[in-house]
Amino acid sequence: MGTPPRKSTQPLRKKSYHHGDLRNAIIDSVAKLIEDKRSLAFQLKEVANLVGATQPAIYRHFEGKDDLLVETALRGYRLQREMREQAIEATGGTALEGIIAILEAYVLFSVRKPGFFLLIKNLETNEILSSSSYLEERKVSIRRITNLIEDCIEDGLFSETDTEIAHSTLQSAAYGLAHLYITGQIQLIASKQADDPELPKRVFSRCLSGLLSEAGKKEFAHISDNLRPLI
């Protein structure tokens with residue numbers, strides 16, 4: 001995988017947008033500010049300055065900062081879903097391939113969309129967690145991989161385990177690796193392999209090895225031979 005995005009040292013520049021895409025530009029600017037600040041410590045005037053608009057223009061699209069964060073979080077989950085489903089569609093359709101695709105798409109999402117990733121994985125506000133639309137997106141995301149895990153267990157590809165243990169194991173690996181990339185710590189932890197696009201594949205292979213049965217290991221070996229680098 002290539003070098004993860006780093007916080008820009010250049011001052012943020014104003015951009016001009018047509019009114020038709022101002023709403024999306026505002027959301028993208030919020031994600032950019034979160035990426036740069038690694039927090040929600042920004043003001044709406046910073047968002048307005050970044051998109052080259054006025055604060056009243058923002059209020060024509062959003063009730064306030066809380067509402068804007070909810071909409072940005074929703075966009076984040078939808079972007080993650082798109083990347084996840086694209087990755088799954090590119091597989092041969094087996095449950096184990098689907099799990100691997102989801103793990104890799106999770107890391108790829110964190111690298112390509114770090115502001116959105118940080119918001120929905122680390123910085124959820126009470127307002128975000130009160131949004132029924134957001135909770136539904138999160139529920140769908142969790143259910144997608146748990147269904148595949150259950151299929152692997154039913155097909156005898158996982159050794160004796162239950163769905164929650166398997167899910168926790170896989171989530172820990174994906175979440176941890178994603179954070180190593182977006183914080184730049186991967187350069188410290190795996191300095192010789194940080195820029196190797198095969199690194200996530202090897203990490204997930206180690207993670208899965210503790211879950212797979214002998215039949216699962218055989219299927220994974222076949223799948224692994226055909227996996228392409230993330231980037």
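Modeller: Of the 231 residues in the protein, 45% are buried. Buried means under 20% relative accessible area, exposed means over 50%, and partly exposed is in between (1.4 Å probe, protein chains only). This is a predicted model, so local features need pLDDT of at least 70 and side-chain atom pairs count only at pLDDT 80 or more, while totals for chains, interfaces and linings use all residues. Residues are numbered from 1 along each chain as its sequence is written, and side-chain values use heavy atoms, with hydrogens and water left out.

The protein has 12 helices and 0 strands. Both are DSSP runs, numbered from the N terminus: helices are H or I with at least four residues, strands are E with at least two. From the N terminus on, the elements read α-α-α-α-α-α-α-α-α-α-α-α. Take the contacts with a separation of 6 or more: 72% of them join residues 24 or more positions apart. Contact means heavy atoms within 4.5 Å. The exposed surface comes to about 12100 Å², and carbon and sulfur atoms supply 48% of it. Such areas come from the Shrake-Rupley method with a 1.4 Å probe; for residues, only the protein chains shown count as cover.

Now the close look. Go to lysine 121, in helix α6 (residues 114-122). Lysine 121 is buried, yet it has no salt bridge. A salt bridge needs a side-chain nitrogen of Lys or Arg within 4 Å of a carboxyl oxygen of Asp or Glu. For lysine 121, the nearest side chain of opposite charge is glutamate 124, 7.5 Å away. In this count Lys and Arg are positive, Asp and Glu are negative, and His and the chain ends are left out.

What does lysine 121 contact, leaving aside its neighbours within four places in sequence? Its contacts are Tyr77, Gln80, Tyr106 and Tyr175.

Follow one of them, Tyr106. Tyrosine 106 is buried, at 7% relative accessible area. Its ring leads us to the aromatic pairs, of which the structure holds 3. Rings of Phe, Tyr and Trp (its six-membered ring) pair if their centres lie within 6.5 Å; planes under 30 degrees apart are stacked, over 60 edge-to-face, and the rest tilted. Tyrosine 106 and phenylalanine 117 have ring centres 5.5 Å apart and planes at 85°, so they form an edge-to-face pair. Tyrosine 106 lies in helix α5 (residues 95-112) and phenylalanine 117 in helix α6, so the pair ties together parts 11 residues apart in sequence. Phenylalanine 117 is buried too, with a relative accessible area of 0%. Ring pairs also bring in Phe109, which forms a cluster with Tyr106 and Phe117.

Compare another lysine. The charged end of lysine 65 sits over the ring of phenylalanine 42, 4.3 Å from its centre. That label requires NZ of Lys or CZ of Arg within 6 Å of the ring centre and within 35 degrees of the ring normal.

Next, charges that do find partners. The structure holds 13 salt bridges. One joins glutamate 85 and arginine 84, at 3.1 Å, N to O. Arginine 84 is buried, with a relative accessible area of 5%. Another joins arginine 143 and glutamate 150, at 3.2 Å, N to O. Here arginine 143 is partly exposed at 41%, and glutamate 150 is partly exposed at 31%. Glutamate 214 and lysine 217 also meet in a salt bridge, at 3.8 Å, N to O. They are 3 residues apart in helix α12 (residues 214-225), so about one helical turn separates them. Glutamate 214 is exposed at 56%; lysine 217 is partly exposed at 37%. Salt bridges also link Arg78, Arg81 and Glu137 in a network.

One backbone detail remains. Most residues other than glycine have a negative phi. Arginine 38 is not a glycine, but its phi is positive, about 60°. It sits in the loop between α1 (22-37) and α2 (44-51).
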